[in-house]
Amino acid sequence: MEGLPQNHWAAKEAKGEIISLQSSISKDTSPTTPVPTRPPPCVHMGLSNQLCDTCRPLAVEALKLAISILKKSSDVTRYKAAVATLYSIDPTDADARLDEEWVDKVSKRVANDLEKFDAQLKSYKHNLIKESIRMGHEDLGNHYYNSGDLSNAFKSYSRMRDFCTAPKHILDMSLQIIKVCIEQGNYMSLQSYVMKIRNLTRNPEEEELLKPKLATATGLLHLSGGNFRDAARSFLECPNTLGNTWNDVISSNDVAIYGGLCALASMDRSTLKSKVLDNSEFRNFLELEPHIRRAITYFYTAKYNACLSILQAYKNDYLLDIHLHKHVEDIYELVRSKSIVQYFVPFSTVRLSAMSEAFGTREADLERELVGMIEAGKLQARIDTQNRVVTSKETNLRNSVHQDTLQMAQHFERSARLKLMKVQISRAGLDIKAPKIPRSDSAGRGVFVGGTSQIPSGSIFYENR
């Protein structure tokens, strides 16, 4: 959210452009998806102070929805945080008062369940049955997760590792930990458990079920670090079998948005055509978000203004996305910079007025943007402020050809010297023959296997006698 004007959402509210919270949540659930016991991703944004500071028109609605969902769960800590945040925004709201009776009731139930699961685990450890101990740690981890204690949930799930007796157990444990890591934002641990699953031996059915989850988890890992190219590759590799199987982590709509935006920010036009538009697997995801497909198509066909207009129309949605909001400004800046560079490639001279018309912006704003790109080395051009034109920098083709020829000659010379040195080493008898190792062939006869290695002249060797 850095770089976003403080009055961004106030201006949008004045123009009537504030989106509905329900429309944002609807993409994370489907009619066939059961009601979640934990708040969906968009509601987690309502619990954050960031949403309250940047999008106050939606903060109250998000917090009220979060409170209603949290009261159906055992997450007392999040409920208290949501009520406190809502009270700081609107003290007169009915939901801004803490339901002490519900808090006491649920807290006692959580404490009793924790005591019961602890007693069961101690009993299992006393009996020394590995499968029972593993299930005990899993039950305890599920209890911590449902009550909002993600740190202890991570610890309980991790303790299952010593008591897993089959690859299926390690697989289930790793998937549970991956969910916790994504919710925690603990991407360092997420990477290690993704690699752990990839190294497991799996049958074709398990591979088909796991591939979309691993691809999306890897994509979120790269996206969190701002590595848009690798994130795009991971999301593009996600099979369309994802469906609603992982909606509590990521939906198919999210895969289309994340993959499409990361591809726009990191890939050139030819790669977008081959890897995105012609990708039969990813095309099914793009059908869920047709505006992303249109934006990519417009960029590929050099209709940059239409592409940027589509992205700008959906910017408010992306600023509220739990995984994407930190990278929206960077992605949009990369896409716009690429558009300007690609637009300028066929020309040696372009009038500023023509460029401003092509990108639908004011000439003065475009000039400042071009100056910044030239200073950053993104655009190889000069601006003639007197004639209001942008001129590409002239390159000395003769000099570039000479440089390439010189590098080729140096490479050939180095290869020739290495070959001559190899011949001289052989003639000087400086080869070291590998010791002959007696082995038996298929007929049981003794054979000797040896070899010769070469060393540079002038080396010193010591031999034990």
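Please keep in mind that the model is predicted. The protein has 23 helices and seven strands, and 40% of its 465 residues count as buried. Here is a friendly tour of some spots to look at.

**The buried side of α18**

- Helix α18 spans residues 304–313, and its buried residues are Y304, C307, L308, I310 and L311.
- These five lie on the same side of α18, because the arc they cover around the axis is only 155 degrees.
- Among the elements that cover the buried residues of α18 are α14 (252–266), α15 (269–277) and α17 (290–300).
- Helices α19 (315–319) and α20 (328–344) also belong to that cover.

**How α8 packs with α10**

- Helix α8 (residues 130–146) packs with helix α10 (residues 167–184) at an angle of about 20 degrees, and their axes are 12 Å apart.
- The two helices, α8 and α10, are therefore roughly parallel to each other, since an angle under 35 degrees counts as such.
- The crossing in which α8 passes α10 is left-handed.
- On the α8 side, the contact involves E131, R134, E138, N142 and Y145.
- Their partners in α10 are H169, Q176, K179, V180 and E183.
- Sorted by type, the residues of this contact between α8 and α10 comprise five charged, three polar and two nonpolar.

**Loop residues with positive phi**

- L128 is not a glycine, yet its phi is positive, at about 60 degrees.
- You will find L128 in the loop between α7 (100–127) and α8.
- With a relative accessible area of 70%, L128 is exposed, as the cut-off for exposed is over 50%.
- A302 is another residue other than glycine with a positive phi, here near 65 degrees.
- The loop that holds A302 runs between α17 and α18.
- A302 has a relative accessible area of 36% and is therefore partly exposed.

- R233 sits in helix α13, which covers residues 228–236.
- The relative accessible area of R233 is 43%, so this residue is partly exposed.
- R233 and G259 are 26 residues apart along the chain, and their C-alpha atoms are separated by 7.7 Å.

Key:
Residues numbered from 1 in each chain as written. Predicted model: local features only at pLDDT ≥ 70, side-chain atom pairs only at ≥ 80, totals over all residues. Heavy atoms only, no water. Buried < 20%, exposed > 50% of the residue type's maximum accessible area, 1.4 Å probe, protein only. Helix = DSSP H or I, 4+ residues; strand = E, 2+ residues; numbered from the N terminus. Arc of directions from axis to C-beta. Contact = heavy atoms within 4.5 Å. Axes fitted to C-alpha atoms, helices over the stretch in contact; angles between N-to-C directions. Parallel < 35°, antiparallel > 145°, perpendicular 65-115°, else oblique. Left-handed = near helix turned anticlockwise from the far one by under 90°. Nonpolar A, V, L, I, M, F, W, Y, C, P; charged D, E, K, R; others polar.
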